[in-house]
Amino acid sequence: MSRSIEGEDGIVIVAHSKASYLAEAATLAKSIRRFSPTVPIALITNFDIPDHTSRTAGFSRVVQRDFTSFPGLEFKLHLETLSPFSGSSLFLDSDSICYGDISPVFTAFSGKEFVALGKPLKDCHWFQNAARTMGSFGIHQFPFFCGDFYLFRRTPLTQHVFASAREIAGRYDALGINRLGGILNDEPVLSLAMAKHGIEAEPFGSRWILQMQAQQLDHVDLDWTIPKAHAVLAGTTVCPRVVHFQAHRTRPVYYRETFLIHTHGSRFSSKTLSRVIGNFQSLLARASRRARKTAKRW
């Protein structure tokens, strides 16, 4: 683990407790490194990572942490303490792939202390009764976003946002916040913390990241070798720097793109072979998921 450079900006990727998350993190880092060869990338993990594996993936540093106290998605409420960067930190969800230079993001939001990409809302599926929850904080709307992209600087305001989020998490059920598959959802918690401190979501997020599930995109034109990432949103073609696969990470397209990333520049990098591998790995992943669900019922 290397020390932070004063004012250093960097990308934070977290992979804990499941080997599949670590594989996703390595794929994301390698995809970033092609287009942003000098941007620092930190992996925060509870896995032991050999130096060779870290270098191959493109991680600048590996930070070992114990995630016992914040399982599932709760680590996102501690990102300001997890990040090793003293300047701006960009957190990206590990099940994402980069299709362009992401490093300009630090300049684009240089005047912002805490950034999530979205829009204002007064009600959504996050809350049992949004008006009642908002009333607890004296607010009339909240920023709505996907928690796959958080950019923040080490400032008192940012520290207050994360501290408020952790306090809100302690009252999660009492505030009528819906759980995500039985676990804490970081999005409404950080949203309420942002609203409490007067921070709005930043618009035009599709320039930076696209969410295949949240934005209900059954088809995105992807080819990492070109590179190409095109999608149509509200009749407009968008070309994001990052694509977040979400539930689509068990579909052939994710495994196809992953294969192309890890074989880029080698004699095994074949689009035909990538489609075969993608279909096969997708079938295995979905069969494994069904088997786990069946085992839980028994």
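Strand S7 gives the largest share of the lining of the second largest pocket, three residues. This is a predicted model, in which local features need pLDDT of at least 70 and side-chain atom pairs count only at pLDDT 80 or more, while totals for chains, interfaces and linings use all residues. Residues are numbered from 1 along each chain as its sequence is written, and side-chain values use heavy atoms, with hydrogens and water left out.

The second largest pocket has a volume of about 180 Å³, and the elements that give two or more residues to its lining are strand S7 (118–121) and strand S8 (142–145). A pocket here is an open set of points on a 1 Å grid where a 1.4 Å probe fits, with protein on both sides within 12 Å along at least five of seven lines, and lining residues have an atom within 4 Å of a point.

Helix H1 (residues 19–35) has 17 residues that should span 24 Å at 1.5 Å a residue, which agrees with the 26 Å between its end C-alpha atoms; the expected span is 1.5 Å times one less than the number of residues. Strands (E, at least two residues) and helices (H or I, at least four) are DSSP runs, numbered from the N terminus.

No disulfides are counted, a disulfide being a pair of cysteine sulfur atoms within 2.5 Å.

| Cysteine | Relative accessible area | Class |
|---|---|---|
| Cys-98 | 0% | buried |
| Cys-239 | 46% | partly exposed |

The sulfur of Cys-239 lies 14 Å from the closest cysteine sulfur, in Cys-98, which is too far for a bond.

Terms used
Buried < 20%, exposed > 50% of the residue type's maximum accessible area, 1.4 Å probe, protein only. Points joined across faces, edges and corners; volume = space filled by probe spheres on them.
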